[in-house]
Amino acid sequence: MTAIFINGQPVETGEHTTVLQAALANGFYIPHFCWHPALSIVGNCRVCVVEQEGRGVGIACNMPISDGMRVLTDSDPVRAQRKAMLQFILLNHPVDCGICDKAGECALQDYHYEYNGEPAISGDPKLPSTKFFPLSERILLDNERCILCSRCVRFTREISKSNVLGLEHRGDSMLVRPAEGRTLDDDPYSDNVVDICPVGALLSRSFLYQSRVWYLEPTPSVCPGCARGCTVQLWHRKAEWRVKGLDERHNTRIHRVTPLENPRVNGPWICNKGRDLPELLDRPRATQALQKGETVSLMQAIEAARGLLDQAGKRVALVSSWGSNEELRAFRNSLGDYFTSFVKPDHLPLEGEVVEDDLLIRADKNPNTRAGQDLLGAGVVQIPEDTDLILVWGEGTDFGTLPRGAKILFLGSWLLPENGHADVFIPISIQTERRGHYTNFEGVVSAFEPCQPRRDGVIDAETLFPLLSAPGGSASGGGAA
Amino acid sequence: MTGRKVLMDFEVTPTSHSLDDYRARGGYEALEKVLRTMKPREVTQEIVDSGLQGRGGAAFPAGRKWQGIDPDDGQPHYLIANADEGEPGTFKDRWVLEYTPHTLLESMLLSCYALGVRHCFVYIRGEYDLPWRRLDAAVEEAYAAGYFGENILGSDFSCDLFVFRGAGAYVCGEASSLLGSIEGTRAFPRNRPPRMTVRGLHQAPTVVNNVETLATIAWIIRNGASAFREVGTEKSPGTRLISISGHIARPGVYEVELGYSWARFLHEDCGGVLGGRPLKAVIPGGISSQVLTGKDAKVLTAGEVEGLTLDHEKLRSAGSSLGSGGMIVIAEGTCMVRLLQIMLRFYHHESCGQCTPCREGTGWMHRIIDRIVAGDGRPEDLERLNYIAGFNDGTTICGLGDAAGYAATAMLDNFREEFDYFIEHKRSKFAGNLE
């Protein structure tokens with residue numbers, strides 16, 4: 001354990017090796033642009049300066065800790081140099097915060113108010129540069145706003161290892177550009193560069209001009225895109241900023257998905273599939289219970305389902321690997337005895353999708369296979385020809401492959417043609433409408449919170465399963481009149 | 001003449017760069033002596049004792065740099081001769097490479113022996129064509145004669161040399177940026193710590209020395225450290241190659257014993273200022289220098305030059321340094337505003353763009369001085385130049401940013417009234433431009 005003094009206060013540095021890390025860990029904030037905890041040190045922004053007593057001003061991100069060193073984070077020379085660095089950075093920065101998506105969460109904006117706060121010294125016109133340079137189908141680059149911290153370049157070299165981005169030209173005409181003949185489309189993690197960009201230079205096309213960030217708030221959630229179960233934040237409008245003229249759906253729309261840093265699962269990153277979660281969740285929803293294609297009320301459908309359950313002799317359940325831990329437990333407790341249960345994959349890898357890699361993406365494209373198999377066994381799906389009733393929970397099953405004589409009880413969330421082909425269809429809620437947990441392939445449990453109101457006519461699977469097996473309806477059949 | 005000689009101790013003939021001529025004047029004797037009788041650490045000790053200072057610009061003691069490397073630590077080491085002589089006004093290493101490349105090769109062999117180096121490099125700037133051809137031919141001769149390769153001269157010492165041609169970026173003359181160029185990455189200077197003698201080329205301990213520094217080593221080993229100490233002054237032993245250009249009657253490369261009178265060098269050896277005009281200023285060591293520590297690029301006015309001697313301490317006390325040995329003489333009647341414009345254009349063009357102050361500051365200063373020269377100067381511009389220059393100095397990763405800052409500060413400090421005149425009258429105080 002090494003002790004150093006920051007602003008006169010003794011600080012235990014623990015396992016940290018640089019002054020910047022030790023200071024941040026102990027509550028002394030030092031501004032920084034280019035330094036990122038997951039990336040290598042380049043020390044090019046020159047903003048994280050501190051004064052080491054007796055040795056002058058230097059950058060904290062590359063200043064090794066030595067026992068008993070005394071560091072000042074806010075002395076006069078430090079403040080003067082920070083101010084000058086911000087003047088340099090803002091020299092040709094357009095300061096178009098009014099139309100910049102990053103405004104409100106921009107490091108440059110924050111630091112300007114905190115450490116500079118003065119108008120530009122330069123009286124000369126700003127130099128123009130490229131705007132809206134397409135790095136990929138997903139990302140635009142605004143070179144006027146870029147401060148050349150090289151975080152994005154280092155990300156593609158050190159984290160995603162796609163090596164797509166590089167620096168072109170020299171000096172103040174230097175530009176971030178993709179390598180010759182390549183685009184960021186090659187990189188399944190590309191959207192992370194938008195998050196780590198300290199300014200608004202890298203823009204996500206899906207979030208471009210969608211909302212000011214201060215109208216939004218995040219809800220912690222778990223990405224259901226694969227068995228990794230990355231923790232994410234779903235950004236939606238704050239309740240007090242709902243627009244009355246818009247319908248509820250627009251007001252509760254998920255505007256963007258960002259990673260929720262979690263060292264046990266995904267670190268500070270998620271893949272592009274996780275960013276596209278809103279597309280997955282915005283598909284047309286099934287909100288109407290059906291009996292052989294005829295609309296019925298939810299209660300009638302549950303009644304009918306009970307009837308099917310009682311009449312059937314041989315019952316098989318295809319359990320959703322998208323059910324939460326709570327739902328799977330409710331299923332086992334309420335219906336586990338009635339059914340021979342198999343956990344099925346709801347989603348398979350799509351064409352063109354990265355199936356598996358060394359960083360995050362897993363081949364199993366379902367979030368909770370592990371918990372389901374722990375509870376119900378890891379058997380391969382096998383449906384005997386003489387099955388009377390098949391409970392299909394979740395999407396991904398082709399009814400044509402099921403035994404002809406079997407009745408089908410279908411629990412689903414989406415508006416699909418199969419809904420009408422089932423003998424009974426009951427609409428169930430989705431992840432963003434309820435609370436729950438997923439267990440990832442390594443056994444790490446992560447929680448998700450609701451951020452959208454439950455649709456009318458939809459029931460939580462967790463509530464449904466006890467109803468299906470409720471006394472009075474279970475044994476004798478038709479007793480619920 | 002300009003004192004005793006270490007490097008220019010032979011007559012240049014059409015064949016003086018060849019191996020035969022070099023052998024005839026005692027070449028490779030030091031190597032044979034060392035391989036037979038000396039241990040690596042003894043060679044390093046000899047260099048430490050000689051007090052040899054780096055000739056690239058920072059004047060850092062070469063022996064102290066070498067002591068940062070343990071030749072027996074079992075890991076690979078590298079030695080690189082920095083021949084990327086891009087400093088404006090500097091062309092002294094070119095003389096070594098063109099006229100006596102074998103001096104460099106022998107010295108590098110001795111250094112490799114001392115530092116436990118198996119592979120060494122010469123990083124030569126891309127614009128040097130004849131020097132490169134001469135060096136390449138010399139390397140071939142040396143390989144053919146068995147001075148490089150496996151088991152040199154029957155000893156168990158093996159060493160290979162690679163000549164690496166740069167592509168003409170000034171910033172590659174900065175030692176750590178040069179490593180990036182050799183490794184094939186972008187030539188960005190690297191943050192210290194770690195020092196290059198801890199983690200340099202391919203993450204292995206590396207020594208980067210200037211060509212002139214290395215070329216001196218053969219002489220030191222041949223004649224002994226005490227003989228070297230007798231040349232020059234007590235604190236700056238040896239000689240310097242000075243490349244002198246600008247408004248001078250006889251420009252060229254001179255070898256000057258350190259401690260030699262500056263006025264005598266200018267007015268007698270170099271024939272005085274061109275056209276007999278009075279001396280206005282001297283830029284003593286390249287407009288900046290390749291490795292920077294002090295106020296390297298400071299311009300000396302005529303009054304300061306008289307009475308100075310050419311050695312590191314005297315110049316440092318005058319607030320300047322010998323830098324890279326590229327001396328530029330400026331005669332009375334030269335417009336310093338235009339001169340600063342040229343210097344700042346150079347820094348702007350050559351800034352690598354890695355760190356903020358230099359990337360933005362050099363361009364900012366260049367645009368301001370362009371505006372002043374175009375007649376659109378504003379009174380507050382000079383304060384602004386001073387501000388930018390002040391925060392370019394000491395805030396960057398390498399010395400290029402510092403140098404750009406010094407250049408502007410030095411010019412503004414010494415010739416302020418010329419700048420004020422230019423802004424007020426929208427034209428130069430002097431009728432003529434730079435010649």
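In chain A, strand β3 (residues 49-52) runs antiparallel to β4(A), and four bridges join the two. Two strands pair if DSSP finds at least two bridges between them. Within this pair, E51(A) has V57(A) of β4(A) as its bridge partner.

Before going on, a word on the model: it is a predicted one, in which local features need pLDDT of at least 70 and side-chain atom pairs count only at pLDDT 80 or more, while totals for chains, interfaces and linings use all residues. Residues are numbered from 1 along each chain as its sequence is written, and chains are lettered from A and ligands numbered from 1 in the order in which they are written.

Back in chain A, β3 and β4 belong to an open sheet of five strands, ordered β2-β1-β5-β3-β4, with mixed pairing. At the edges stand β2 (9-12) and β4 (56-59) of chain A, each with a single partner strand, so one side of each has no neighbour in the sheet. On average, neighbouring strands of this sheet are turned by 40° against each other, direction ignored. Angles run from 0 to 180 degrees between N-to-C directions, and axes are lines fitted to C-alpha atoms, for helices over the stretch in contact. Helix α2(A) lies across β3, β4 and β5 (70-72) of chain A, at about 160° to β3(A).

The contact between them takes 22 residues from chain A and 23 from chain B; two residues are in contact if their C-beta atoms, placed from the backbone, lie within 7 Å. On the side of chain A that touches chain B, helix α2 (residues 76-89) of chain A gives the largest share, five residues. By class, this side of chain A has twelve nonpolar, six polar and four charged residues. Here Ala, Val, Leu, Ile, Met, Phe, Trp, Tyr, Cys and Pro count as nonpolar, Asp, Glu, Lys and Arg as charged, and the others, Gly among them, as polar.

Further along chain A, strand β12 (residues 231-237) is mostly covered, with six of its seven residues buried. A residue is buried if 20 or more other C-beta atoms lie within 10 Å of its own, with C-beta atoms placed from the backbone. Strand β11 (residues 216-222) of chain A runs antiparallel to β12(A) over seven bridges, and P218(A) stands opposite W235(A). Strand β13 (residues 256-259) of chain A is also antiparallel to β12(A), with four bridges, and here Q233(A) faces T258(A) as its opposite number.

As for helix packing, the axes of α10 (residues 325-335) and α13 (residues 461-468) of chain A come within 8 Å and cross at roughly 0°. That makes α10(A) roughly parallel to α13(A), a label for angles under 35 degrees. Residues in this contact include F331(A) of α10(A) and F465(A) of α13(A).

Chain B has its own open sheet of five strands, β6-β5-β11-β8-β9, again with mixed pairing. Its edge strands are β6 (252-257) and β9 (300-301) of chain B, each pairing on one side only. Strand β8 (residues 279-283) of chain B pairs with β9(B) in the antiparallel sense over two bridges, where A281(B) stands opposite T301(B).

Note on methods. A residue is buried if 20 or more other C-beta atoms lie within 10 Å of its own, exposed if 12 or fewer, and partly exposed in between; C-beta atoms are placed from the backbone. Angles under 35 degrees count as roughly parallel, over 145 as roughly antiparallel, 65 to 115 as roughly perpendicular and the rest as oblique.
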